[in-house]
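Please open the structure in your viewer and keep the selection tool at hand.

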Amino acid sequence: MFRPSINRMVAYTPGEQPRAHERFIKLNTNENPYPPSPKVRRAVAKAADATLRLYPAPRADQFVAGASKLYGVPSEMILAGNGSDELLAMIFRATLGPGDKVAYPTPTYSLYDTLAAVQDAKVLHFPFGRDFAVPLAALGRARARLTIVCSPNSPSGTLTPARSLAILAGQLRGRLLVIDEAYVDFASDNSLRLLKNHKNVVILRTLSKAYSLAGMRLGLALAHREVIEGLLKVKDSYNLSRIALAGGAAALGDPAWMRRNVERVKKTRALTEARLRKMGFEVPPSEANFVLARMPGRDMGPVARGLRRAGILVRYFATPVLRDAIRISIGTPAEMAALFRALDPIVRSEFGSMRRRSG
Ligand SMILES: *Cc1c(COP(=O)(O)O)cnc(C)c1O
């Protein structure tokens, strides 16, 4: 019934989403533990009126205007998506046909593999170097039709310096470089300034993480006009609902709320990193709202399952490169305290004392 590439591919597996009656401490899909701005609730309630009989604005005017003001980027350079996942899908659809090359450092957001498989594109994986340094020279030389760098990267949490990305953008001139900045509000820098000199750069943002709106599905692509116009050709006409557009505009209109929650998360992140390291885990310095806790050579599957039995969800990737790690989203201080209460005895019974082993 399907194209051969669809028959061959495996579906993307999202992190577990508990059902309504299940009570878990949810540290597996990098949601924000704090609620969205109260202005979102008011805007959404107001939008839920008789105008819902009308289609929404095809170019998401109200939401895009908010982004334009916040980022200081003209509206023509902004495209709104139903989550940045939809924008990624549009980019793959618009740029890659069967056999075309797409390149990115790995391990990274595994949705890229899924989207490439749908297009029957050829994926070039470039393993991160030590300390999750981006293999810039190799990515530049590959000159794939589409190159993606996730920064801060998931699942490592590590940031690629904007100056490195600028060099890469120059090497890739005439081919798209997508910088997936889903977590950038939690980071010390971002790549927005690259838009000034690089016509091939697309920056992706989402309101799912820093703005606490994963359930609303709101993403943004920032790029030069020609790129936006190409992407518009593959966009669903009405890709965002009136409710989402109103909520998104309200959220972007209250950046102080977001920043306050981001500061709380960053504070908890520092404490979490320190505590994990003290337990013997290797933790790359995170600039995101999660940390990767690694025990080289060990399989962390049993730890993830033990935590689940204790009512705590974390992310475990059963791949050769990531099986020795769990990715832990930063929750409230109380949630992290519960995590450590459960993690301590599990780690001790699985691995004995790691402190001794790691010296
Ligand atoms: C969460 C995430 C996204 C998707 O964000 P949505 O806007 O919720 O679709 C994109 N890229 C990365 C790396 C993410 O972690």
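Begin by selecting D189 and R193, which form a salt bridge whose closest N and O atoms are 3.0 Å apart. The term salt bridge denotes a side-chain nitrogen of Lys or Arg within 4 Å of a carboxyl oxygen of Asp or Glu. D189 counts as partly exposed, at 28% relative accessibility. Here buried means under 20% relative accessible area, exposed means over 50%, and partly exposed lies in between (1.4 Å probe, protein chains only).

Before going on, note that this is a predicted model, in which local features need pLDDT of at least 70 and side-chain atom pairs count only at pLDDT 80 or more, whereas totals for chains, interfaces and linings use all residues. Residues are numbered from 1 along each chain as its sequence is written, and side-chain values use heavy atoms, with hydrogens and water left out.

Next, select E263 and K266, another salt bridge, with the closest N and O atoms 3.5 Å apart. Both residues belong to helix 10 (residues 255–278) and are three residues apart, about one turn of the helix. Helices (H or I, at least four residues) and strands (E, at least two) are DSSP runs, numbered from the N terminus. E263 is partly exposed at 47%, and K266 is partly exposed at 24%.

Now move to R323 and D299, whose side chains meet in a salt bridge of 3.3 Å, N to O. This pair links distant parts of the chain, 24 residues apart: R323 is in the loop between strand 11 (315–316) and strand 12 (325–329), and D299 is in the loop between strand 9 and helix 11 (301–309). How many salt bridges does a search of the whole structure find? The search finds 14.

The following stop concerns aromatic rings. Rings of Phe, Tyr and Trp (its six-membered ring) pair if their centres lie within 6.5 Å; planes under 30 degrees apart count as stacked, over 60 as edge-to-face and the rest as tilted. By this rule there are six aromatic pairs. Select Y55 and Y238: their ring centres are 4.2 Å apart and their planes stand at 20°, so the pair is stacked. Y55 lies in the loop between helix 2 and helix 3, and Y238 in the loop between helix 8 (225–232) and helix 9 (242–252), so the pair ties together parts 183 residues apart in sequence. Is Y55 buried or exposed? With a relative accessible area of 60%, Y55 is exposed, while Y238 is partly exposed at 40%.

Then select Y183 and F290, an edge-to-face pair with 4.9 Å from centre to centre and 75° between the planes. Y183 is buried at 6% relative accessibility, and F290 is buried at 0%. To see a cluster linked by ring pairs, select Y12, Y104, Y109 and Y112.

Turn now to the backbone. The peptide bond from S151 to P152 is cis, with omega near -5°, and the bond from S154 to P155 is cis, with omega near 10°. P152 is located in the loop between strand 5 (146–150) and helix 7, and P155 is likewise in the loop between strand 5 and helix 7.

Finally, select N30, a residue other than glycine whose phi is positive, near 60°. N30 sits in the loop between strand 1 (25–26) and helix 2 (38–47) and is buried, with a relative accessible area of 0%.
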